[in-house]
Amino acid sequence: MRLILAFIAVTFIVTGCDSSKKTEKEAVETPSEKTNEETQFAPSKDDNALMDKVQRQTFEYFWDGAQPNSGLAAERIHLDNIYPSNDKHIVTTGGSGFGLMAILVGIERGYITREQALDRYVKIVDFLKKADRFHGAWPHWMDDNTGTVKPFSKFDDGGDLVETAFLVQGLLTVAQYYKDGNEREQQLVADIQKMYEEVEWDWYTKGENVLYWHWSPNNGWKMNFPVGGYNECLIMYVLAAASPTHSISKEVYEQGWARNGAIAKSTTYYDLPTVLDHYEHNDDPVGPLFWAHYSYLGLNPKGLKDQYGDYWQLNRNHALIQYRYCVDNPKHFKGYGKGCWGLTSSYSMNGYAGHHPGDKDLGVISPTAALSSMPYTPKESMQFLRYMYKEQDSLIGKYGPYDAFSLQDNWYLPRYLAIDQGPIPVMIENYRTGLLWSLFMQNEDVQKGLDKLGFTISN
């Protein structure tokens, strides 16, 4: 999901929030105090109304804002109608997987009916069955008009296994929702299962004990990106192990993803363990917060453990570290504080950037970071939600909070990215009801895959 985008900057003036300096004492609370807050926090009636509102708005990105031919998610929607890369008609594969799950939220919240969603899902699956695939994997981007690959970069014009995993996660969740339905619903489920079984996960190992991100019929393995953790890609290894037709071995997970155990190297940042090693090639302690979201839209981290770590602690600490970092505000950026926090990959003043604590902190807040962390940090995420809708409503548009903003630089754009809007309604719903976690984790193939890799699940 590391996009490199060039676009015309449009600057808007935004109102400021509390810019007073926060002390270390204010920023850092003990883990036990935070754990107690998590268990005791309960949203108020007004909080629930705000969650309803943001879920509805972000759902609409994938419903009213869907691409007209495929019904899949638009890579981006710019309300200023400025598309510097002429990509208004481009479908995003991973973001569409998030959108499939957001539509399920729409059914359960009463925004649309089960039958309306079914019509959309059938349209989507019919498009995906005919679209370009490369050893079963879809490309990162597709043309909505033709289903053909739209190159993501010079050599990235073939299969993208990570994006495919995000799409399959959504598809399998939809299949679980409809699996006991009528004849038309059963056909949808069968079509989804067939597409899943056609993904050649094992082929993307090149015969090695690691999964590779890309392959192209024009450029082969030129991208040369073996996927080792920790990052956003855990779901790819789980689905690859779970495949009933093209499964990977446990050794691929252990040697490739887990880097022969090196992934288990933890450090401490803002008095919290990172649990896993976030960066193989540098010493940055934590990555952008989307790492705690993308794989966990369906994969329930509560009680999820393997030989390398506790995935609930991993994600909760990741979010809490970012919260404490923004409250501490070591770079003294305007606005950062208890109501205004969260760093993840998003738009910025200079294009797309991978925001996270440290050198990559540019003073840009990405709303999806805090909002999609609602299951991990309900109190802190709710503080951000209240702040956005009660103090910074100029940063909210048709599809919810805009992708990113900087109070330091008086900057924002009325623009959205599917990969940022999608996790918001899904993760908030997982916080409220556990809907998507429950559906995905019931899939029998997924259960077998987790067992194969040595995961244990406890409540």
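How many bridges pair strand β9 with strand β10, and in which sense? There are 4, and the pairing is antiparallel.

## About the model

This is a predicted model, where local features need pLDDT of at least 70, side-chain atom pairs count only at pLDDT 80 or more, and totals for chains, interfaces and linings use all residues. Residues are numbered from 1 along each chain as its sequence is written, and side-chain values use heavy atoms, with hydrogens and water left out.

Strand β9 covers residues 345-348 and β10 covers 351-354 (strands are DSSP E runs of at least two residues, helices H or I runs of at least four, numbered from the N terminus; two strands pair if DSSP finds at least two bridges between them). A hairpin of 2 residues links β9 to β10, and S346 sits opposite A353 in β10.

## Helices α6 and α8

The axes of α6 (residues 161-178) and α8 (residues 234-242) come within 9 Å and cross at roughly 70° (axes are lines fitted to C-alpha atoms over the stretch in contact, with angles from 0 to 180 degrees between N-to-C directions). That makes α6 and α8 roughly perpendicular (65 to 115 degrees).

On the α6 side, L161, V162, A165, F166, V168, Q169 and L172 meet I235, M236 and L239 of α8 (contact means heavy atoms within 4.5 Å).

## An aromatic pair

Searching the whole structure turns up 37 aromatic pairs (ring centres of Phe, Tyr or the six-membered ring of Trp within 6.5 Å; planes under 30 degrees apart are stacked, over 60 edge-to-face, the rest tilted). Among them, Y61 and Y399 have ring centres 5.6 Å apart and planes at 75°, so this pair is edge-to-face. Y61 lies in helix α3 (residues 45-63) and Y399 in the loop between β11 (396-397) and β12 (400-401), so the pair ties together parts 338 residues apart in sequence.

Key. Parallel < 35°, antiparallel > 145°, perpendicular 65-115°, else oblique.
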